Amino acid sequence: MTGDGKQNPQPQAAAATAMTFEVLKAAIRDAPTAARLGRLAIAARRTVDTPNYFAITSRGVVPHVTPDNLAKHLSDVGGTYMALEDFIERPQQYLKRPAPILQTPSSEFPCSPALGPRPPLHIFTAMPPSVITVLAARRLPAVPAPMGNTNSSVSVFTSTGFQVLTTREYADAVSALRPDIAVPMADLTDKALTPTSKRATRMAERTDDWVKEWFAQLDASNSSDHPGVATFAPVLPVGFPMQWEYLERLSEDYVSASTTNQEEEEGETTRKDHLAGLALYDADVIPDLEDAYPNLTPLPRLSLANPTTPHHVLRQIALGVDVFALPFINMVSDAGVALTFTFPPPPPPNSDPSVSRPPILPLGIDMSSPTAGLATDTGPLLAGCACYACARHHRAYVHHLLAAREMLGWTLLQAHNHGVASAFFAGVRAALRAGPAAYDAACRAFAAAYEPEFPAGTGERPRARGYQYAGGAGEPKRNKPAWGKLGGPEDDDVAAVEQKKPRGGKTKNSNGAIGTGNAGADIVDDSLAAAVEAVDLQEAGASPAAEMDGTASAQASI
Amino acid sequence: MWAARRMASTMSASSAALTFELVAKCSTTRARASILTLPHGPVNLPIFMPVATQASLKGITPEQLENTRCRLCLNNTYHLGLKPGQEVMDAVGGAHKLQGWDHNILTDSGGFQMVSLLKLATITEEGVRFLSPHDGTPMLLTPEHSISLQNSIGSDIIMQLDDVLVTTSPDIVRMREAMERSVRWLDRCIAAHKHPDRQNLFCIIQGGLDLDMRRECCREMVARDTPGIAIGGLSGGEAKDDFCRVVAACTEQLPDLKPRYVMGIGYPEDLVVSVALGADMFDCVWPTRTARFGNAITRNGVLNLKREMYATDFGPLEDDCGCPCCRPVEQEGAMGITRAFVHHNAAKETVAAHLLTIHNVWYQLNLMREARDAIIADRYPAFVREFFSRLYPDGHGFPSWAIDALRGVGIDLLET
């Protein structure tokens, strides 16, 4: 990625969607790989060299990473993936209110000429101006909905439960929020099982209808003068024969006939009613696409196919994916694992060919491991890593933070793991520049050098939230209870907390609950220290609290 | 004004690892502005010190803490003694190295946690006996052990182990025993302290709410000439009137050229009043904990951002706030966070807690900066009146404890 954030100002006439994608080094026919080098540029955002990845957000934030840290210390993250379902919950008391995010003012906020206009989505989520936003209807991976989709809506999962999102509402939200890239709604099952052919056909038919509708509506709403949104049409996770009619329409109706000549056609390709890219829920369709519809080939391909390891990422790059939305990074950080892979892999320490095979390297280390000597290891998480966590901190600190369940542990792991992922893609691009043969060799070396899976993290994770997981019947609880019953007066507190709601402006702090049992219990149960909303009695004891007017009520907030 | 100018000629005192320089004194109240130079650099007093209990300020990076202009924060000996433990602390080379913090650290003695967190702590002349929270085995925290732990931690200011008792305890005999024992334990702490050249041991004045006992304790403690002096045992549920009386009684007795630390104080009103009573240093977990509950501290009071009214409030957390969250995104290092965004993520994503933590710490530190500027300009009484009039904009409802305490040092809040 070219990190300096400078790009040529787009000519006014071409600013309709203001996105360009340039294939710098196309895949060579019959080469061992269809991997290609490219450059994705969006006006006022940092240019993204591809292959690359975008970070997944939860409720508009990269988990554990504040916007200042995202801009400063994850500066190689060129884009973020957001889900509309993270913003449209309907609290019981306010069922009728429009989603607050849709009321984000844009005119009140002065747009500095240097940064360009800030879209409402950027404003609401305080996303750094240099970062590209991708908006889709559902999180990645999405929680499967118990009720299916209809001909004009999908089921989405918000923090207040499942609800229906119509294609119309979604398109309206996209028009209002103006993400840089939007993925029109697709009819997906969000299940691991391959849909039946009947279901697959309907998926394609519905998605086809919805995309038609999408362009019609965007066209109407974009008549005003604000910049449009780059549309990345969904490619479904079903076989090519099931969706070829839909894909053919994309090729025939929404892509200019001759987009291969970038220089001349730039103004044309960026026309707002045109397809700007493809969002692939399955990368295996790419070879068929290339054969059947060559005019889709110059479009950037965003993989939403959730590759679970870097090995899967490499496989999809070889199929021709340009940009990934990568859920595994956040998941690995939450598991307390620090990634340790590089591309290409380090040369084997022993070049003696008589030694049969070098040891297989792990993809990451479990930073919670009590046996790995991490507690006193003041070395970086990964030797030679340039990330913020490795530059400023060391293994012993991250290990301590995880053991103490301090939230900073996950923040530092996010900085590191995103840094490793960025470096991995930079390595991929460098190898691709060196030529397909060199790239193929590096891929082979990577596959041989590293274990197939991430190590399991043994540490306790951050509290799981309803919008991340829908619990099934009879499923065990995901979060350790913050309180146990010890008997005594604190049981009342627990009951009060379960009923929730200390409301009102000024809150009283719990002051260490001198002499009561729950404080003593909670120092044993460390799970509590990091839960955002849990009563943090460890800290309560950390110093005398300031409360002086008597009541020492344990309190929680939810 | 005359008094302030006289102070400008600067009076200072040094001990082995600390210099205290009195820059200005308020001509009306007992408020003081000073510079405390510690092994990891100077800090301006009065100061609020945020609490990084387990070597981490609740989710924000040391760099973000630095960006709030914090140069002195707390760690807790008790917690660091358990995790990562003294051995690790020695191997890593102390708390500064562990957390990547090149500025000052203050550690408490661990005594407070013994009584606040542990059910079965018993205090004897030898030390505090308690059951290990890990495996339930009996353990003993002595003054010597506490100092040894703090020596390993390497904090710039270390606290003596004291015999902490709830201030509201009616048992006057036990209260006297605790006070006298704290003095004896100070002697043991001084004897056990291995690094007086780079770590400053502060004594802690005890004596409950009994002013005579407090004064007696002051005399004993001052005689031992520690580099700084803390007023302890407060903020344990006593009435604020009593709290103010104790602070006033102590500061009256304390030497000018030593920093005065009132432990466990954190509400903005308490800080402003305590400064008027002559205290210099404060710490409390409230600003950071309340942040995790979704509360933002502002000049106009505490806002609970989880309330529905903030769902579509697209203004900054506080107007004209200089913190990295509130300043508009166009400015260097600023984020342009709105109340609506924090509402959206409060109690759902840790980032909301981090943002409020940054804002609240900034607010507390900035409040003390403004207080200091006011003291130096010798307009602290006006500052105090302005502060309270913002919190109580309709001009009445001032807390009576604050009216009384401030009247005692020459400020009439009710004066129009």
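A:Cys387 of this predicted model lies in the loop between β15 (364-366) and α10 (388-392) of chain A, where helices (H or I, at least four residues) and strands (E, at least two) are DSSP runs numbered from the N terminus. Residues are numbered from 1 along each chain as its sequence is written, while chains are lettered from A and ligands numbered from 1 in the order in which they are written. In this predicted model local features need pLDDT of at least 70 and side-chain atom pairs count only at pLDDT 80 or more, whereas totals for chains, interfaces and linings use all residues.

**The annotated site in chain A**

The unreviewed UniProt entry lists A:Cys385, A:Cys387, A:Cys390 and A:His416 under "binding site"; UniProt positions follow the numbering used here, feature names are shortened, and annotations may be inferred rather than shown by experiment. These residues span 32 residues in sequence, yet no two of their C-alpha atoms are more than 8.2 Å apart, so they gather at one spot.

A:Cys390 is found in helix α10 of chain A. Burial is judged from C-beta atoms placed from the backbone: a residue is buried if 20 or more others lie within 10 Å of its own, exposed if 12 or fewer, and partly exposed in between. The table includes a residue of chain B, B:Asp256.

| Residue | Other C-beta atoms within 10 Å | Class |
|---|---|---|
| A:Cys387 | 27 within 10 Å | buried |
| A:Cys390 | 23 within 10 Å | buried |
| B:Asp256 | 14 within 10 Å | partly exposed |

Contact requires C-beta atoms, placed from the backbone, within 7 Å. Not counting residues up to four places away in sequence, A:Cys387 touches A:Ala415, A:His416, A:Gly419 and A:Val420. With its neighbours within four places likewise left aside, A:Cys390 is in contact with A:Pro380, A:Leu381, A:Leu382, A:Cys385 and A:His416.

**Helix α9 of chain A**

Helix α9 (residues 327-334) of chain A is mostly covered, with six of its eight residues buried. Among them are A:Phe328, A:Ile329 and A:Val332. The buried residues of this helix pack against β4 (52-56), β14 (337-339), β15 and α12 (408-433) of chain A. Just after α9(A), A:Gly336 takes a positive phi of about 80°.

**Strands of chain B**

Strands pair if DSSP finds at least two bridges between them. In chain B, eight strands form an open sheet with parallel pairing, in the order β5-β15-β14-β13-β12-β11-β7-β6. Its edge strands, β5 (47-49) and β6 (72-75), each pair on one side only. From one strand to the next the twist averages 25°.

Within chain B, β7 (residues 104-107) and β11 (residues 157-159) pair in the parallel sense over two bridges, and B:Thr107 has B:Ile158 as its bridge partner in β11(B). Elsewhere in chain B, β16 (residues 295-298) and β17 (residues 301-304) run antiparallel and are joined by four bridges. They form a hairpin with two residues between them, and B:Thr298 has B:Gly301 as its bridge partner.

Helices α10 (residues 268-276) and α13 (residues 350-376) of chain B pack at an angle of about 25°, with their axes 11 Å apart. The axes are lines fitted to C-alpha atoms over the stretch in contact, and angles run from 0 to 180 degrees between N-to-C directions. B:Pro268, B:Leu271, B:Val272 and B:Val275 in α10(B) meet B:Leu367, B:Met368 and B:Ala371 in α13(B).

B:Asp256 is placed in the loop between α9 (240-253) and β14 (260-262) of chain B. B:Asp256 and B:Asp156 are 100 residues apart along the chain, and their C-alpha atoms are separated by 21 Å.

Technical notes: Two residues are in contact if their C-beta atoms, placed from the backbone, lie within 7 Å.
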